[in-house]
Amino acid sequence: MPSQQKKVIFCTAGVLSFACALGVVTALGTPLWIKVTFLCKTGALLVNASEQELDQFTGEMQYGLFHGEGVRQCGLGARPFRFSFFPGLLKAIPVSIHVNVILFATILVILTMVGTAFFMYNAFGKPFETLHGPLGLYLLSFISGKKYLSQHVCSSVAGSCGCLVMILFASEVKIHHLSEKIANYKEGTYAYKTQSEKYTTSFWVVFMCFFVHFLNGLLIRLAGFQFPFAKSKDTETTNVAADIMY
């Protein structure tokens with residue numbers, strides 16, 4: 001592939017990585033990870049509410065990794081509330097999982113920025129075969145979220161900070177019932193039950209970042225570089241012929 005096309009490919013990958021890093025940084029600080037609706041069971045049971053009346057007992061909230069806001073409704077009007085995970089909800093949430101989500105998201109941002117630097121270095125700096133060339137790109141892309149197959153590796157490698165962020169956050173929400181814990185926090189009189197949970201903008205930004213890392217791997221391959229530890233068929237044939245001669 002001509003050198004100019006390689007520069008375009010690496011530059012494209014660098015721009016995608018940089019946009020990805022900015023997106024995740026923005027996502028970290030927003031309360032737009034998930035939107036929840038929850039029912040005030042106590043109030044609905046007290047008045048034996050019909051389906052048409054359930055709207056008066058249905059609240060909603062949205063939150064992210066650090067803070068959120070919502071509205072509680074128990075038939076007596078809306079009660080807006082705001083909350084912060086640190087330090088407000090430390091006793092109610094699975095702290096270790098939540099901290100790990102933030103940690104892996106931070107690592108994802110750092111590695112994506114370093115990957116951006118490597119892509120730009122290969123696009124405008126020294127030749128691609130330097131120590132900081134394709135091998136460095138593959139290593140960083142692997143840690144940040146790509147998986148690739150090698151002819152000498154029995155199983156596929158899937159080690160992704162982006163994927164871990166999504167899995168851990170989803171498990172915190174679904175398995176540990178994070179939304180219900182938030183809704184019921186310091187609510188001694190009323191009990192709330194989650195009705196629906198929908199992942200929103202920030203969560204899908206992390207998913208897109210994971211996808212971009214996978215796409216960047218394809219761009220590197222398109223530039224004409226072999227995956228690490230992968231040997232071409234010609235090399236293997238030459239080695240076999242040499243063994244036969246000796």
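The structure is a predicted model, where local features need pLDDT of at least 70, side-chain atom pairs count only at pLDDT 80 or more, and totals for chains, interfaces and linings use all residues. Residues are numbered from 1 along each chain as its sequence is written, and side-chain values use heavy atoms, with hydrogens and water left out.

**The two bonds**

A disulfide is a covalent bond between the sulfur atoms of two cysteines. Here a disulfide is taken as a pair of cysteine sulfur atoms within 2.5 Å, and this rule gives two disulfides. Counting bonded cysteines along the chain, the pattern is 1-4, 2-3.

Let's start with cysteine 20 and cysteine 209, a disulfide with its sulfur atoms 2.4 Å apart. This pair joins distant parts of the chain, 189 residues apart: cysteine 20 sits in helix α1 (residues 3–29) and cysteine 209 in helix α7 (residues 201–222). Helices (H or I, at least four residues) and strands (E, at least two) are DSSP runs, numbered from the N terminus.

The other disulfide is formed by cysteine 40 and cysteine 74, with sulfur atoms 2.0 Å apart. This pair also links distant parts of the chain, with cysteine 40 in strand β1 and cysteine 74 in the loop between β3 (67–73) and β4 (78–84), 34 residues apart. The link of cysteine 40 and cysteine 74 is right-handed, with 100° about the S-S bond.

**Around cysteine 40**

Which residues is cysteine 40 in contact with, leaving aside its neighbours within four places in sequence? They are Phe57, Gln73, Cys74, Tyr190, Ala191 and Tyr192, where contact means heavy atoms within 4.5 Å. Alanine 191 is 151 residues from cysteine 40 in sequence, yet the two are 6.0 Å apart in space, C-alpha to C-alpha.

**Accessibility**

Buried means under 20% relative accessible area, exposed over 50%, and partly exposed in between (1.4 Å probe, protein chains only).

| Cysteine | Relative accessible area | Class |
|---|---|---|
| Cysteine 11 | 23% | partly exposed |
| Cysteine 20 | 8% | buried |
| Cysteine 40 | 0% | buried |
| Cysteine 74 | 10% | buried |
| Cysteine 161 | 6% | buried |
| Cysteine 209 | 0% | buried |
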